[in-house]
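The sequence and structure come before the text.

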Amino acid sequence: MFRRILCALFVMVLFTGCSATSAGSAVKDIQSVDDLTALLQSHMSGSDVQTKNVLVTLLRLDPDSIIDAKAVFEKGETGKLAIVILAKDDEAALEAGDRLNYYLSTLQNSAAQYNTDALEMIRNGYIYTRDNVTVLVISDDIDAVKAELAEYFS
């Protein structure tokens, strides 16, 4: 009798564990950077769009590890920008994040010398990596951008 109860408890725990794992592991599958770029572009007034080829060259990324990439720069010298990179896997996304971090540091150093008005905004630049997506955003309302990214990826 004890064995039957123990087996029944074991099966219940096993099934409960499996359903909890599969329900909690939902990942947003991103096929293109266009919708995420459009979301971030809404924080800018008038912008220029750059394609994957330009970003691969600018950031010195491995072109074979990048599926798609797009950048939007606000017109003028405001310093606002958004870069979205869709990598082939998590490791390539982390590498792209490192390149974006270096790019952000370079922007901060340049702004410190030439454009002190935009320096604080650039210092608050935000890099976000999730699964195989990496994003760099420089905006005057970075808290709103963070909230939108959290909602987008939830």
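## Strand pairing

Glutamine 50 has alanine 71 in S2 as its bridge partner. The model is predicted, so local features need pLDDT of at least 70 and side-chain atom pairs count only at pLDDT 80 or more, while totals for chains, interfaces and linings use all residues. Residues are numbered from 1 along each chain as its sequence is written, and side-chain values use heavy atoms, with hydrogens and water left out.

Strands S1 (residues 47-50) and S2 (residues 66-74) pair in the antiparallel sense over four bridges. S2 also pairs with strand S3 (residues 81-87), again in the antiparallel sense, over seven bridges. Two strands pair if DSSP finds at least two bridges between them. Aspartate 68 has leucine 86 in S3 as its bridge partner. The hairpin of S2 and S3 has six residues between the strands, and glycine 76 in this hairpin takes a positive phi near 95°.

The chain has six helices and five strands, in the order α-α-β-α-β-β-α-α-β-β-α along the sequence. Helices (H or I, at least four residues) and strands (E, at least two) are DSSP runs, numbered from the N terminus.

Most residues other than glycine have a negative phi.

| Residue | Phi | Loop |
|---|---|---|
| Arginine 60 | about 55° | between helix H3 (52-59) and S2 |
| Aspartate 131 | about 55° | between strand S4 (126-130) and strand S5 (133-138) |

Arginine 60 is exposed because its relative accessible area is 67%. Aspartate 131 counts as partly exposed because its relative accessibility is 31%. Buried means under 20% relative accessible area, exposed over 50%, and partly exposed in between (1.4 Å probe, protein chains only). Of the 154 residues in the chain, 35% are buried.

## Negative surface patch

Asp131 also belongs to a negative surface patch, together with Asp89, Asp90 and Glu91. Patches are made of residues with over 30% relative accessible area and no salt bridge; like charges are joined within 9 Å. A salt bridge is a side-chain nitrogen of Lys or Arg within 4 Å of a carboxyl oxygen of Asp or Glu. Asp and Glu count as negative, and the place of a charge is taken as CG of Asp or CD of Glu. Accessible areas come from the Shrake-Rupley method with a 1.4 Å probe.

Glutamate 91 lies in helix H4 (residues 90-114). Glutamate 91 counts as exposed because its relative accessibility is 65%.

Terms used:
Patches are made of residues with over 30% relative accessible area and no salt bridge: like charges are joined within 9 Å, nonpolar side chains (Val, Leu, Ile, Met, Phe, Trp, Tyr) within 5 Å.
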